[in-house]
Amino acid sequence: MAAHYDVLIVGGGIAGLSLASALAGRCTVALVEAEQELAYHTSSRSARQLIPSYGPPVVQELTARTLELISARDAELPEPVLTPRSFMLIGSEEELAAEASGAMRPITVDEALQLCPVLVPGSFAAAGLDTGSFGSNAPLLLEDHRRRAVEAGADIITGARVHSAQHLGSGWQAGAGTEGFAATVMVNAAGAWADELAVLSGVEKLGLQPYRRTAAVAAVERPLPEGSPMVAAADNTYYFRREDGDVLISPSEHVPSGAEDARPRPGDIERLVERLNTVTTLGITGVRRAWTGLRTEAADGVPVAGFDAEAPGFYWLAGQGGYGFQTSSAMAELAAGQILAALSGSGGPDPESRTAQALAATRWSVRR
């Protein structure tokens with residue numbers, strides 16, 4: 001016998017968990033996750049930096065709202081999710097002009113060298129600084145969402161990969177693991193597997209593409225001072241930031257991948273270490289651990305939040321790319337409003353709103 005819920009969320013990463021916490025207590029919710037633990041894939045492999053100047057305009061808008069929501073929640077937590085940490089972009093004048101946006105302001109090379117003294121003079125010609133950026137305690141945020149959802153009555157089931165799903169009557173029937181579920185709304189928050197879930201459910205896929213992004217924690221001879229900004233190359237070839245006495249580094253690669261449990265490829269970290277030991281005086285001596293996540297994107301690079309054009313009750317919450325954590329609370333807020341309105345039959349928030357249009361699964365630019 002299938003268990004009945006108003007909403008079935010497929011995917012236990014930051015997208016699914018933040019939506020579960022936003023909906024729980026306002027309707028009946030179940031969340032199913034294929035892995036044995038929540039946030040196993042991309043959500044556990046985050047750079048843990050929320051950058052208001054990062055991404056297209058709608059992402060910057062969602063980031064600002066997410067920071068508001070997390071900041072309000074921080075007042076109730078024993079330790080905060082957010083810690084101020086500036087974000088600095090370096091490169092040529094042309095690269096900075098192309099990449100800098102939003103809250104980022106230009107600074108001189110001398111100012112950049114003062115903020116990050118490990119940078120080699122002459123290795124860049126221009127810099128920009130976003131002082132409204134924050135480091136984030138991703139595990140704490142994920143656990144807060146999980147706890148709030150469960151305390152409000154949501155059921156969270158791990159080790160339950162969806163193996164069947166179909167629309168019947170006024171709702172959805174799905175099999176996940178050894179259990180059956182019936183729900184009025186099924187939310188596709190399956191990350192890199194979002195298109196696969198759609199096909200399994202008889203829904204036309206959006207053409208979402210996962211991309212690899214590798215990172216590592218490295219030991220250094222010259223640690224970054226406390227309060228140092230996260231530094232990224234404007235040509236998207238690397239970024240680094242302080243990680244206690246070590247440094248977190250990434251080659252910022254954007255390589256297409258299938259949906260998989262991604263792992264670093266031979267040579268990626270080694271080449272990055274060689275590059276960073278040229279443009280900085282960090283003196284990287286070894287790699288403590290390395291990992292690869294998948295950043296899944298729609299064709300236009302904008303996240304997707306909205307009901308499918310053809311499949312009744314099928315809600316897309318996917319394609320967050322590298323903006324997952326920094327847009328999560330705002331996207332959950334919007335998605336919860338749309339879903340609750342659909343459940344009540346009131347039609348949802350103004351479908352012509354700029355934000356809803358920009359994120360809609362029905363927008364013309366979403367498909368490849």
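Which residues in H2 meet which residues in H8? Val 59, Leu 62, Thr 63, Arg 65, Thr 66, Leu 69 and Ile 70 in H2 meet Phe 325, Gln 326, Thr 327, Ser 328, Ser 329, Ala 330, Met 331 and Glu 333 in H8, where contact means heavy atoms within 4.5 Å. By class, the contact of H2 with H8 has seven nonpolar, six polar and two charged residues; Ala, Val, Leu, Ile, Met, Phe, Trp, Tyr, Cys and Pro count as nonpolar, Asp, Glu, Lys and Arg as charged, and the others, Gly among them, as polar.

This is a predicted model, in which local features need pLDDT of at least 70 and side-chain atom pairs count only at pLDDT 80 or more, while totals for chains, interfaces and linings use all residues. Residues are numbered from 1 along each chain as its sequence is written, and side-chain values use heavy atoms, with hydrogens and water left out. Helices (H or I, at least four residues) and strands (E, at least two) are DSSP runs, numbered from the N terminus.

Two packed helices are described by the angle between their axes and the distance between the axes. For helix H2 (residues 57-74) and helix H8 (residues 324-344), the axes come within 7 Å and cross at roughly 85°. Axes are lines fitted to C-alpha atoms, for helices over the stretch in contact, and angles run from 0 to 180 degrees between N-to-C directions. H2 and H8 are therefore roughly perpendicular to each other; angles under 35 degrees count as roughly parallel, over 145 as roughly antiparallel, 65 to 115 as roughly perpendicular and the rest as oblique.

Beyond H8, Ser 353 lies in the loop between H8 and helix H9 (354-359). Ser 353 is partly exposed, with a relative accessible area of 26%; buried means under 20% relative accessible area, exposed over 50%, and partly exposed in between (1.4 Å probe, protein chains only). The side chain of Ser 353 reaches the backbone nitrogen of Ala 356 at 3.2 Å. This is a polar contact, meaning a pair of N or O atoms within 3.5 Å; within protein, one must be able to donate a hydrogen and the other to accept it, and residues adjacent in sequence count only if both atoms are side-chain atoms.

H2 also lies across E3, E4 and E8, running at about 105° to E4. These three strands form an open sheet in the order E3-E8-E4, with antiparallel pairing. Strand E3 (49-50) and strand E4 (82-84) stand at the edges, each with a single partner strand, so one side of each is left without a neighbour in the sheet. Two bridges join E3 to strand E8 (residues 134-136), and Gln 49 has Gly 135 in E8 as its bridge partner. Two strands pair if DSSP finds at least two bridges between them.

The loop between strand E2 (29-32) and E3 holds Arg 45. At 15% relative accessibility, Arg 45 counts as buried. Its side chain reaches the backbone oxygen of Tyr 40 at 3.4 Å. Leaving aside neighbours within four places in sequence, Arg 45 is in contact with Tyr 40, Asp 261, Ala 262, Arg 263, Trp 291, Thr 292 and Gly 293.

Ala 39 is found in the loop between E2 and E3 and is buried, with a relative accessible area of 9%. Most residues other than glycine have a negative phi. Ala 39, although not a glycine, has a positive phi of about 50°. Ser 252 is not a glycine either, and has a positive phi of about 55°. Ser 252 is found in the loop between strand E16 (246-250) and strand E17 (255-256), and counts as buried at 9% relative accessibility.

In strand E1 (residues 3-10) lies Leu 8, which is buried with a relative accessible area of 2%. The C-alpha atoms of Leu 8 and Ala 182 are 7.8 Å apart, although 174 residues separate them along the chain. Leaving aside neighbours within four places in sequence, the contacts of Leu 8 include Ala 30, Val 32, Phe 181 and Met 186.

Met 186 also has a bridge partner in E20, Phe 314. Three bridges join strand E12 (residues 179-188) to E20, and these strands run parallel. E19 and E20 form a hairpin with six residues between them, and Gly 313 in the turn has a positive phi of about 75°. Five of the five residues of strand E20 (residues 314-318) are buried, so E20 is largely enclosed by the rest of the structure. Phe 314, Trp 316 and Ala 318 point one way from E20, and Tyr 315 and Leu 317 the other way.
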